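Tutor: Please look at the model below.

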Amino acid sequence: MNKILSHKTLSALWSFGRHREKLVDFEHVHLPDDGKEFLKPPLKMLLRELEEASASQQKEALAHFRMGEDRFKNWQYRDAAESYQASHEVFESLSALLAQGVALMMVSELKEAAEVFEEGRNLSQMRKVDRLEAVFGINLGQVCNDLGEPNRSQKALKGAGDLCREIEDAALEAMALRHLGMIFLAQALYNEALTCCEEAIQISEEIKDKISVGHILCNKAIILVSKGNLNDAEKIFLQGLVLGRELEDPYIQGRIYTNLASLDLIRGRVQEASSALERALDIHRSIDYRQGEARNLGVLAVIQIAKGNPDMGHHIFKSAVEMDRQLEYRRGEIRELFTMAKAQLRDGPDDKTLQLFQAVYDLAKRINHRHIQVEISVILASLMSDISTERRISILKDNMELSKSINSPMLQIRISNALGGLYIFFGSFDKAISCFQKAVNDSRKIGNLIEEAKSLVSLSHIHDQMGKTELAAENMSIAQALFQSQTINFAIIE
């Protein structure tokens, strides 16, 4: 806290929280990662908080906040965060603090944004501004998981949802549930994630909030894709798309087309993926949603390379990265670099590809995104031939412990497969089989069909190398059946 507020001011803020804030709607700020959607206060919310401030405080705090708004609209998010902070320093308003946290998220300052949202939640609780306390909690919960703090994330979102029920704010309760579902998804808790979606849909339908329903349907489909239920996921994506068109909501439509493209790529439908991305691009460009446009361009670059147009692909890729860099959206830059590195890996791990992965790791470390740090470290340990196999195995084992600390079963499965690959290189076939079998079992435990099938393919290959042809054929047959059940082109996986 920057200053001690008078009893008169605190009383005014408490009154604001209990009786008047429900009249003010929040701005919804979208980021194209895991359906992130941050709530940002409008200017009129600050004006209400400033009613008890002195004339000089009102003038100065308003001037800084308005400058922040102008900068935010012009994509100058770092400068906007500084303006909101200056406004908060003049008069300790919750509105300025909330706006500052959102601006920090736009430049991927995860740790700093989490600190601001935490401070805002604590201040809101102290001042008994219930609705803003819930909003700070919803924003905070979306940040903490990226920082490798899933329990803190769950606690923030569950607390926000409980508070929303107490104050009978159904729209915010549905939003808290929607984002809680995505946190459960990151932990491969698919049933819990889907339960959150169903509860959020029921609440949204009761209050006739069709836009909320559209976003929840997209989340539900993404959860099913992650689980490997591609057929059901596609139906729900299309259901959400119909609703998005009916509402003429560009964010629902653009997000669903983007994810439909990813679904088509999993199935090897390159042309369909390209068409879906073109539609997403048109929508995002029509509303000047540059973060979404950059994400679409990054995937479109990979598609062009897959089509045999590497020069076009790299040109599009550079445009995507440059767009994210202009916005200082480092999370987006990480995503584009990671996507391109994985695409280049298909032609073999050359020095250029390794440098790309290293650049992704360095950026993820800079913004404290622990999930991506661990994921890239695993890939690098699997690929780097300039260090001993023993050292690479040691790095993977360390990352296994890290993946457990951030509660990521999917990373643990991938690490088991990576360890299996290194043990083959080391000549320890029994250990390799043990790792691949663990990946199969863990995939079955969480109910992920695709990861189970991929691990079975690896298990089949090593059994084949060992001359265990019947066992190899059995595992391959199960894998093929799993892929075919979801209309996945097995040749793409191979």
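Student: Which residues have the most contacts inside the largest nonpolar core, and how many residues does that core have?

Tutor: The largest nonpolar core has 161 residues, and those with the most contacts inside it are Phe-72, Phe-117, Val-143, Phe-237, Phe-357 and Leu-396. Please note that this is a predicted model, in which local features need pLDDT of at least 70 and side-chain atom pairs count only at pLDDT 80 or more, while totals for chains, interfaces and linings use all residues. Residues are numbered from 1 along each chain as its sequence is written, and side-chain values use heavy atoms, with hydrogens and water left out.

Student: What makes a set of residues a nonpolar core?

Tutor: Its members are buried Ala, Val, Leu, Ile, Met, Phe, Trp, Tyr and Cys residues, joined through side-chain atoms within 4.5 Å. Buried means under 20% relative accessible area, exposed means over 50%, and partly exposed lies in between (1.4 Å probe, protein chains only).

Student: What does Phe-357 touch, beyond residues up to four places away in sequence?

Tutor: Phe-357 touches Phe-338, Ala-341, Lys-342, Leu-345, Ile-376, Ile-379, Leu-380 and Leu-383. A contact here means heavy atoms within 4.5 Å.

Student: Why is Ser-455 called buried?

Tutor: Its relative accessible area is 0%, and the term requires a value under 20%; therefore Ser-455 is buried. Ser-455 lies in helix 23. With residues up to four places away set aside, Ser-455 touches Ile-413, Asn-417, Phe-436, Ala-439, Val-440 and Ser-443.

Student: How do you know that helix 23 has about the span expected of a helix?

Tutor: Helices are DSSP runs of H or I with at least four residues, strands are runs of E with at least two, and both are numbered from the N terminus. The expected span is 1.5 Å times one less than the number of residues. Helix 23 (residues 449–465) has 17 residues and reaches 25 Å from its first C-alpha to its last, which is close to the expected 24 Å. Several of its residues are buried, among them Ile-450, Leu-456 and Ile-462.

Student: Why is helix 17 described as largely enclosed by the rest of the structure?

Tutor: The description is given because 13 of its 16 residues are buried. Helix 17 (residues 330–345) reaches 22 Å, close to the 22 Å expected.

Student: Are Ala-188 and Asn-407 buried, exposed or partly exposed?

Tutor: Ala-188 has a relative accessible area of 5% and is therefore buried. Asn-407, at 29%, is partly exposed.

Student: Why is Asn-229 called buried?

Tutor: Its relative accessible area is 17%, and the limit is 20%, so Asn-229 is buried. Asn-229 is found in the loop between helix 11 (210–227) and helix 12 (230–247).

Student: How many cavities are there, and what makes them cavities?

Tutor: On a 1 Å grid over the protein atoms alone, a cavity is a set of points where a 1.4 Å probe fits but cannot get out; lining residues have an atom within 4 Å of a point. Grid points are joined across faces, edges and corners, and a volume is the space filled by probe spheres set on the points. By this rule there are two cavities of 30 Å³ or more. Of the 17 residues that line the largest cavity, the closest to its centre are Leu-31, Pro-32, Tyr-251, Arg-255 and Tyr-289.

Terms used. On a 1 Å grid over the protein atoms alone, a cavity is a set of points where a 1.4 Å probe fits but cannot get out, and a pocket is an open set with protein on both sides within 12 Å along at least five of seven lines; lining residues have an atom within 4 Å of a point.
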